[in-house]
Amino acid sequence: MAKPQYWLIKSEPSVYAYAQLEKDGRTQWTGVRSFEARNNLRAMKPGDLCLYYHSNEGKAVVAVARVLTEPGEDPTAPGEDWASVEVGPLVALKEPVTLATVKATRELKEFPLITRSRLSVASVTPEHFKRILEMSGTKLPRARSA
C-alpha cells in the first residue's frame, strides 16, 4: 500500500466546522475556486491525511481528516473544470495548534499556512505533518486490519 500524502484543508468553523464533519461522518470537499488548490485536490488519493484548519475564526489546526474517494467533478459547479473529494473525520487534535504558534515555530517556517496563506488546499510535507501532531499532543489512531 502506498504511503499517504499529507494535505492542509481549510474551512471557516461557521461554514463547516470539524465537529460537523464528525457528526456527518463524511462530506464532499467542494467550492474550491483556485486553480492551484483544485490541482491539489486532483492529486489526492483515498487514504491521504489532511490537517483540518479552522480559518478566520479560531485560526488553528484542529483535527486530522482522511481522504475517502478519488477526486471527481465538483457538483457545486456542474460543467465547469473544478474538483472535489470526499473526506471523513479521523481524529480531533488534543490541543489545537494556532496560527500564532505555527508562526513562532522555526521548523514550520515553510509550512503552507505561512508560505501559501491564501491557499485553501495545500500539500504538507511528512515532517510538517508529524510536527503539528507532536505539538498538539495527538497520536493517530492505529489502522484497523481489513
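Which residues is Y52 in contact with, leaving aside its neighbours within four places in sequence? I will come to that residue after a word on the model and the overall fold.

This is a predicted model, where local features need pLDDT of at least 70, side-chain atom pairs count only at pLDDT 80 or more, and totals for chains, interfaces and linings use all residues. Residues are numbered from 1 along each chain as its sequence is written, and side-chain values use heavy atoms, with hydrogens and water left out.

First, the fold. The protein has six helices and seven strands; these are DSSP runs numbered from the N terminus, with helices being H or I of at least four residues and strands E of at least two. In sequence order the pattern reads β-α-α-β-α-β-β-β-β-α-α-β-α.

On overall dimensions, the C-alpha atoms fill a box of roughly 45 × 40 × 30 Å along the principal axes.

Of the 146 residues, 42% count as buried. Buried means under 20% relative accessible area, exposed means over 50%, and partly exposed is in between, with a 1.4 Å probe and protein chains only. Turning to contacts, meaning heavy atoms within 4.5 Å: among those between residues at least 6 apart in sequence, 69% join residues at least 24 apart.

Now back to Y52. This residue is in strand 3, residues 49-54, and counts as buried because its relative accessibility is 0%. Beyond its neighbours within four places in sequence, Y52 is in contact with I9, S11, Y16, A17, Y18, L21, W29, A60, V61, V62, A63 and A65. For S11, which is 41 residues away along the chain, the C-alpha separation from Y52 is 7.6 Å.

Next, the loop between strand 3 and strand 4. S55 is in this loop and is buried, at 13% relative accessibility. With neighbours within four places in sequence set aside, S55 is in contact with K10, S11, E12 and P13.

N56 is also in the loop between strand 3 and strand 4. N56 is exposed, with a relative accessible area of 53%, and has a positive phi of about 65 degrees although it is not a glycine. K59, found in the loop between strand 3 and strand 4, also has a positive phi without being a glycine, near 45 degrees. At 40% relative accessibility, K59 counts as partly exposed.

Last, helix 6, residues 126-136. Which residues of helix 6 are buried? They are H128, F129, I132, L133 and S136. Seen down the axis of helix 6, these buried residues fall within an arc of 140 degrees, so they line one face of the helix. The arc is that of the directions from the helix axis to the C-beta atoms. On the other side of helix 6, E127 and K130 are exposed.

What covers the buried residues of helix 6 includes strand 1 (6-11), strand 3, strand 4 (60-67), strand 6 (83-98), helix 4 (99-103) and strand 7 (121-124). Strand 3, as I said, is where Y52 sits. Just after helix 6 comes G137, with a positive phi of about 70 degrees.
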